[in-house]
Amino acid sequence: LAAAHYIFIEKPFSTFEPTGLYITFFCAVGVVSYLWMLLPRILGHNSKKYEVTEVSSTNGIADITMKPQGQGSGIKHQAGQFAFINFEPLNLIETHPFTIASAPNADGTLNFKVKGLGRYTERMSTEVKPGMVARVSDAYGHFHPAKDGQPQVWVGAGIGITPFIAWADTLSADWASPTTLYYCAPSREAAVNLEEFEAIAAAVPNFNVVPVISGEHGRLTADQIAAELGDSIKSANVYFCGPTKMREALKTGLVKKGLSFSRFHNEEFEMRTGIGVMKWFRTLRNYVGM
């Protein structure tokens, strides 16, 4: 729509002048890129068929496990990546990413943990049943832990714990980086997979789990993380998945404490953050001090 608007509005230059052709080129690249990503997902060309094998729900979080249909027909992914899901019987199609909450395994099964935060995710939580057919897109994302032996901090808040579930599944006793996972949840009951994390921590010497239960301990702060890291904060890598405001507060605080800006990592899951009149208005209001 933006490209069409640009082409047909009155401009101080012609669309066919050098300036007009320059802008038109980027409009064309944007439209083609959008269609390249969108159409295969709608048509199912870049997806694999899966069968839902298990569904359970705890504290508003649906735990969905599925297996690929056909030998060796599943997608290839790395721990921490995300994918798009369409449950065919429900016609649930939406451009919304879901982190794969399981590490790659021999049988190709995938696990997703979905919190009902809107109409689409609520339907997933209540209507997805074993036996249903799902189409899963290729895996995307570059949210992976470094393997340089330097200290690491993982912060998972709420449903943002999902990539770290997959990461922890890949750890072995020879994991070289001293790693602390801060698991932030409103209550211990809401901390899904906490016992599994603690079992992994017992088997992996360099992995430690710190539950941060807001109802008991308050919220996690940059001061708390910095105090634990001490002088190693300058060489540490911090990985975060959770609410935007929390991410911004921790990143700002840790950088002030000495963490390198480039060593704070997070995946951009918010696929529509650049679109929306209200978002633009809020940005303008903050800029002019309204």
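Colleague: What places S125 in a helix?

Modeller: S125 belongs to α3, residues 119–127, and helices here are DSSP runs of H or I with at least four residues, strands being E runs of at least two, both numbered from the N terminus. This is a predicted model, in which local features need pLDDT of at least 70 and side-chain atom pairs count only at pLDDT 80 or more, while totals for chains, interfaces and linings use all residues. Residues are numbered from 1 along each chain as its sequence is written, and side-chain values use heavy atoms, with hydrogens and water left out.

Colleague: What makes the pair formed by the side chain of S125 and the backbone oxygen of T121 a polar contact?

Modeller: The two lie 3.0 Å apart, and a polar contact is a pair of N or O atoms within 3.5 Å, where, within protein, one must be able to donate a hydrogen and the other to accept it, and residues adjacent in sequence count only if both atoms are side-chain atoms. S125 also touches A62, V114 and G116, leaving aside residues up to four places away in sequence, contact meaning heavy atoms within 4.5 Å.

Colleague: How do you know that β1 and β7 pair?

Modeller: Two strands pair if DSSP finds at least two bridges between them, and five bridges join β1 (residues 47–58) to β7 (residues 133–137), which run antiparallel; Y50, for one, has A134 as its bridge partner in β7.
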